[in-house]
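Me: I have a structure open and would like to go through a few of its features with you. Shall we start from the inside and work outwards?

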Amino acid sequence: VHPCLPRHCARNHPTWGARTPPEYLMKVQANWPHWVLLAVIIVGGAHLRHTYNQSSVIPEPIRADAAYYLIYAHNLIYYQTFSRDNYPPPEPDAYWAPGYPAFLAAVILASGEEDVTRAYEAILIAQLALGVGTMLLCYLIAATFLPAYWSLLPTALTALSPHLVATAYFALTETLLCFTLLLSIYLSVKASASRRTSIWALAGLAFAVTYLVNPVTLFLAPLVGLALWLQQANGRSKGREHGNSLNLVILIAPLVIAALAWSVRSHNCVADTGETSGDRLLTNLSSGLYADYHAKWKASLLEPEREIVVPGDDINSFSEFIRAFGTSLANAPGDTVAWYAIRKPALLWDWDIVVGFGDIYIYGPAATPFQTPGYGLAIYSVMKSLHPWLLLAALFGLAVIIASASSARPALVITYITVAYVSLVSVSYTHL
């Protein structure tokens with residue numbers, strides 16, 4: 001109450017002396033239907049993932065790559081050694097990146113379970129939490145360039161994506177990588193609108209973590225930083241040049257430190273005969289060279305009596321791969337170019353997962369909510385019908401971005417750079 005007014009005036013006029021609510025609270029109150037819808041989408045997406053995890057029947061979900069990741073986690077916990085050896089004492093290797101096994105080890109330790117396989121329920125819960133985080137990040141990114149209610153659309157598509165739901169059932173890197181990629185994009189968008197070096201450093205840390213989850217993202221942070229730097233070039237004053245260059249360095253520095261640290265560790269700890277990320281790169285390059293690689297590989301496992309020769313198995317060095325690629329290009333130039341430029345990108349963005357069981361599944365299921373009558377099957381049918389239209393919309397958006405690159409929103413630029421980069425890497429060296 002104003003000191004010159006008697007107290008009874010405040011009682012007779014309740015608006016006198018009342019405090020104005022904070023601006024953010026007023027916005028929340030004014031847009032409460034928007035926040036209710038967002039909550040419904042997030043809770044619905046979490047419920048869908050929980051239902052899928054509880055009701056799906058998938059024989060041996062811990063196999064192949066998933067089994068190796070859990071072996072890595074076990075060796076980290078009990079031997080403090082990064083290795084996929086399944087017998088003690090494990091020999092250090094660098095075949096896979098440390099990010100996801102470290103995540104699994106942290107979850108297993110937090111669960112209190114001594115046996116890795118018994119901790120699988122805790123892993124599913126942790127990956128469900130990552131799925132919720134992915135939905136929230138998708139919303140936060142969309143909200144930077146879409147009108148209020150339109151930003152809920154990509155969030156809903158993420159929440160209902162059968163691929164994201166099904167993949168999170170397995171102990172594989174995709175769920176964590178999706179979260180860290182979106183976190184990197186979001187923090188980069190925030191950094192692009194800020195002069196605070198701390199935001200740029202957080203974005204750099206997110207890219208470094210993403211690299212440790214999957215090293216193929218190594219050059220993503222430099223590309224994003226360069227794109228933001230170039231986009232701001234037209235409107236940059238001389239006084240800002242040093243600041244923008246410094247921010248670019250801050251963005252990339254954590255990634256460089258992480259890559260160097262992992263390289264030094266691998267050089268010092270892994271024996272000359274041990275497996276490294278270079279061996280894995282060669283394997284992916286070799287398998288990605290042949291259109292029929294996975295078909296023959298699957299057939300060789302299912303019908304061993306046929307003695308099917310899997311192409312690329314005889315490639316044991318990068319020089320041999322270069323020779324094999326040159327031979328393919330010389331013998332069938334049109335087919336080789338079409339394979340890398342058209343058919344592989346089409347396979348990458350096709351509905352079916354090629355490297356796996358097929359459809360939306362990496363490992364074959366006996367039964368899932370997406371296969372039985374009910375809302376799960378309805379969601380699956382709608383999302384599969386929308387898939388080609390979403391791809392066309394994405395291509396249209398890409399054309400718009402290219403036409404107005406200098407004035408495009410940072411969120412759109414960074415997102416499309418990420419999609420283009422991942423696509424290029426995938427079709428260059430692996431069969432996806």
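Me: By class, how many nonpolar, polar and charged residues are in the lining of the largest cavity?
Reply: This is a predicted model. In it, the lining of the largest cavity has 4 nonpolar residues, 4 polar residues and no charged ones.

Me: Which residues line the largest cavity?
Reply: The lining consists of W200, G225, L228, W229, Q232, N244, N247 and L248.

Me: How much space lies in the largest cavity?
Reply: About 40 Å³. The structure holds 1 cavity of 30 Å³ or more.

Me: Changing topic to G131: where is its place, and is G131 buried or exposed?
Reply: G131 belongs to helix 6, which covers residues 120-142. With a relative accessible area of 7%, G131 counts as buried, because buried means under 20%.

Me: What separates the C-alpha atoms of G131 and F179?
Reply: A distance of 7.4 Å separates them, while the two residues are 48 residues apart along the chain.

Me: Now the surface. Which residues form a nonpolar patch there?
Reply: The patch is formed by W389, L392, L395, L398 and I402, and together they have about 570 Å² of accessible area.

Definitions and conventions: Residues are numbered from 1 along each chain as its sequence is written. This is a predicted model: local features need pLDDT of at least 70, side-chain atom pairs count only at pLDDT 80 or more; totals for chains, interfaces and linings use all residues. Side-chain values use heavy atoms; hydrogens and water are left out. Patches are made of residues with over 30% relative accessible area and no salt bridge: like charges are joined within 9 Å, nonpolar side chains (Val, Leu, Ile, Met, Phe, Trp, Tyr) within 5 Å. Accessible areas come from the Shrake-Rupley method with a 1.4 Å probe; for residues, only the protein chains shown count as cover. A salt bridge is a side-chain nitrogen of Lys or Arg within 4 Å of a carboxyl oxygen of Asp or Glu. On a 1 Å grid over the protein atoms alone, a cavity is a set of points where a 1.4 Å probe fits but cannot get out, and a pocket is an open set with protein on both sides within 12 Å along at least five of seven lines; lining residues have an atom within 4 Å of a point. Grid points are joined across faces, edges and corners, and a volume is the space filled by probe spheres set on the points. Ala, Val, Leu, Ile, Met, Phe, Trp, Tyr, Cys and Pro count as nonpolar, Asp, Glu, Lys and Arg as charged, and the others, Gly among them, as polar. Helices (H or I, at least four residues) and strands (E, at least two) are DSSP runs, numbered from the N terminus. Buried means under 20% relative accessible area, exposed over 50%, partly exposed in between (1.4 Å probe, protein chains only).
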